Amino acid sequence: MRTQEARRRIAIEAARLISETGLRDYRQAKQKAAARLGIFDETSLPKNAEIEDALREYQRLFRADDQPRILRERREAAREAMRFFADFEPRLVGAVLEGTADAHSAVCLHLYTDQPDAVIALLQERRIAYDEESRRIRLDRDTARDYPTLRFSAGGTPIDITMLPYDLLRQAPLDRVSERPMRRATAAMLDALLADA
C-alpha cells in the first residue's frame, strides 16, 4: 500500500513538473519528482502511463482555462505544417495528437522520405532557420535507431520533425509511454479531430 501511495505521489509531482516547466523526458521527471519528495526506492517509480494519466488529471484541474485553447492552437499549427510537408507523408505524433499539449509542447511530426536532404532543402529554400539533431526511435522491443530531427519555429510555435525512411510508413515506432505502436494521425485524421472539437 505504501508503494502504491508513493507511486501516486511521484506521478502527481512528475505531472506538475511536466506541465509547469516543460520537462518532456518522463524518466527524468519521475526521478526529479521522487527526489523532491524524498522517495528513493526504485520500486516506487510510477510507469510512464501513470504519469500520463496524472498529467491529464493535472491539466483538467489546474489548466482548464488555457490548455484546451493552447491544444487547439497547436493542432491548427500542426495542420499548416502538415500541408507544408505534404510531399513527405507527414504524421502527427505526441502531445498535440494525444491531447496533453501545453504552452511548452512542440508540434511533433514524422516525415517519411528516403531523401532527408530534400526536407532540409525545402526549409533552406523558404529561409527557415532550423536546428539539426538526431533522435533514438524504438522500432520494436529489440531495435532502436537514430534518425535525423529538425527543430524550428513557425509563427511562434515550435515544430519538431523526425525524418524516417519511407519503408517505415507502415510500421509505427513504439510509444515511449505505452511501449506499444505509436498513435499517428494523417492530415485528414487531424482535420476530423479539429472538426469534433
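Predicted model: local features only at pLDDT ≥ 70, side-chain atom pairs only at ≥ 80, totals over all residues.
Residues are numbered from 1 along each chain as its sequence is written, and side-chain values use heavy atoms, with hydrogens and water left out.

Me: Which residues of helix 6 are buried, and how wide an arc do they cover around the axis?
Reply: Helices (H or I, at least four residues) and strands (E, at least two) are DSSP runs numbered from the N terminus, and buried means under 20% relative accessible area, exposed over 50% and partly exposed in between, with a 1.4 Å probe and protein chains only. In helix 6, residues 116-125, the buried residues are Val119, Ile120, Leu122 and Leu123. They lie on the same side of helix 6 because the arc, taken from the directions from the helix axis to the C-beta atoms, is only 155°.

Me: Which residues are exposed on the other side of helix 6?
Reply: An α-helix has 3.6 residues a turn, so residues three or four places apart point the same way. The buried residues of helix 6 are covered by elements that include helix 4 (67-84), strand 2 (107-112) and strand 5 (157-164), where contact means heavy atoms within 4.5 Å. On the other side of helix 6, the exposed residues are Asp117 and Glu125.

Me: How many bridges join strand 2 to strand 5, and which residue stands opposite leucine 164?
Reply: Two strands pair if DSSP finds at least two bridges between them. Strand 2 and strand 5 run parallel and are joined by six bridges. Opposite leucine 164 in strand 5 stands tyrosine 112.

Me: What volume does the largest pocket have, and how many charged residues are in its lining?
Reply: A pocket is found on a 1 Å grid over the protein atoms alone, as an open set of points where a 1.4 Å probe fits, with protein on both sides within 12 Å along at least five of seven lines, and lining residues have an atom within 4 Å of a point. The volume, the space filled by probe spheres set on points joined across faces, edges and corners, is about 1,200 Å³ for the largest pocket. Of its 39 lining residues, those closest to the centre are Arg24, Gly94, Cys108, Arg135 and Arg176. With Ala, Val, Leu, Ile, Met, Phe, Trp, Tyr, Cys and Pro counted as nonpolar, Asp, Glu, Lys and Arg as charged, and the others, Gly among them, as polar, the lining has 16 nonpolar, eight polar and, as asked, 15 charged residues.

Me: Which element gives the largest share of the lining of the second largest pocket?
Reply: The second largest pocket holds about 160 Å³ of space, and its lining divides into eight nonpolar residues, one polar and one charged. The largest share of that lining, four residues, comes from helix 4.

Me: Is arginine 127 buried or exposed?
Reply: Arginine 127 lies in the loop between helix 6 and strand 3, and its phi is positive, about 55°, although it is not a glycine. With a relative accessible area of 79%, arginine 127 is exposed.
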